[in-house]
Amino acid sequence: MSSGEKPAYTGTMKLHYDVNASDFSKAGVVSGEVKKLLKVKRGVPAEVVRNVAIAMYEAEINMVIHANGGHIDIEITEKEITIIFADKGPGIPDIAKAQQAGFSTACENIRSLGFGAGMGIPNMKKYADFLDIKSEVGVGTTVTMKIFL
């Protein structure tokens with residue numbers, strides 16, 4: 001290790017964040033914090049950090065737009081990063097349709113803010129190594145992602 005280089009944190013790290021509904025001023029804050037943590041404290045390669053940040057941002061924004069907020073639980077080990085987004089929103093009636101690029105149920109007001117282009121779930125699939133979506137209409141949605149290190 002060269003002088004000035006910090007050793008990467010090892011071991012398991014667990015994090016929990018609450019996401020407020022319709023609070024666009026804080027949308028993306030959690031993914032930004034996790035991005036910094038992975039770079040600085042864990043020494044995760046830049047490409048992996050980028051993938052985590054993009055996949056997390058998309059899910060976090062979906063929680064703000066569609067799901068009345070929720071919470072995010074993250075477990076970082078030496079082998080993988082597991083991120084679970086859980087909400088008590090309206091649920092997703094057709095998960096297969098929601099995974100199609102360009103499909104969106106965002107209202108015009110949300111679209112005018114630059115959100116709701118229908119690339120959230122497709123980007124989650126693209127940048128996560130594993131994606132599982134469980135949803136029940138009227139109950140909520142749980143999205144589980146894994147990114148391997």
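This is a predicted model: local features need pLDDT of at least 70, side-chain atom pairs count only at pLDDT 80 or more; totals for chains, interfaces and linings use all residues.
**Helix α2 itself**

Let's start with α2, which covers residues 46–66. This helix has 21 residues, and the span from its first C-alpha to its last is 30 Å. That is close to the 30 Å expected at 1.5 Å a residue.

**Two packing partners**

Two packed helices are described by the angle between their axes and the distance between the axes. Here is how that works out for α2:

| Helix pair | Angle | Axis distance | Crossing |
|---|---|---|---|
| α1 (residues 29–40) and α2 (residues 46–66) | about 165° | 8 Å | right-handed |
| α2 and α5 (residues 120–127) | about 155° | 9 Å | left-handed |

Anything over 145 degrees counts as roughly antiparallel. So α1 and α2 are roughly antiparallel to each other. On the α1 side, the contact uses Val29, Val30, Ser31, Val34, Lys35, Leu38 and Lys39, while α2 brings Val49, Val52, Ala53, Met56, Tyr57 and Glu60. Sorted by class, that contact has 9 nonpolar, 1 polar and 3 charged residues.

Now for α5, which packs with α2 at an angle of about 155°. That angle makes α2 roughly antiparallel to α5 as well. Here α2 puts in Arg50, Asn51, Ile54, Ala55, Glu58, Ala59 and Asn62, and these meet Gly120, Ile121, Asn123, Met124 and Tyr127 of α5. The class count for this contact is 6 nonpolar, 4 polar and 2 charged residues.

**Over to Thr77**

You'll find Thr77 in the loop between β2 (70–76) and β3 (80–86). Its side chain reaches the backbone nitrogen of Lys79 at 3.1 Å. Leaving aside residues up to four places away in sequence, Thr77 also touches Gly11, Thr12, Arg42 and Leu149.

Technical notes. Residues are numbered from 1 along each chain as its sequence is written. Side-chain values use heavy atoms; hydrogens and water are left out. Axes are lines fitted to C-alpha atoms, for helices over the stretch in contact, and angles run from 0 to 180 degrees between N-to-C directions. Helices (H or I, at least four residues) and strands (E, at least two) are DSSP runs, numbered from the N terminus. Angles under 35 degrees count as roughly parallel, over 145 as roughly antiparallel, 65 to 115 as roughly perpendicular and the rest as oblique. A crossing is left-handed if the near helix is turned anticlockwise from the far one by less than a right angle, and right-handed if clockwise. Contact means heavy atoms within 4.5 Å. Ala, Val, Leu, Ile, Met, Phe, Trp, Tyr, Cys and Pro count as nonpolar, Asp, Glu, Lys and Arg as charged, and the others, Gly among them, as polar. A polar contact is a pair of N or O atoms within 3.5 Å; within protein, one must be able to donate a hydrogen and the other to accept it, and residues adjacent in sequence count only if both atoms are side-chain atoms. The expected span of a helix is 1.5 Å times one less than its number of residues.
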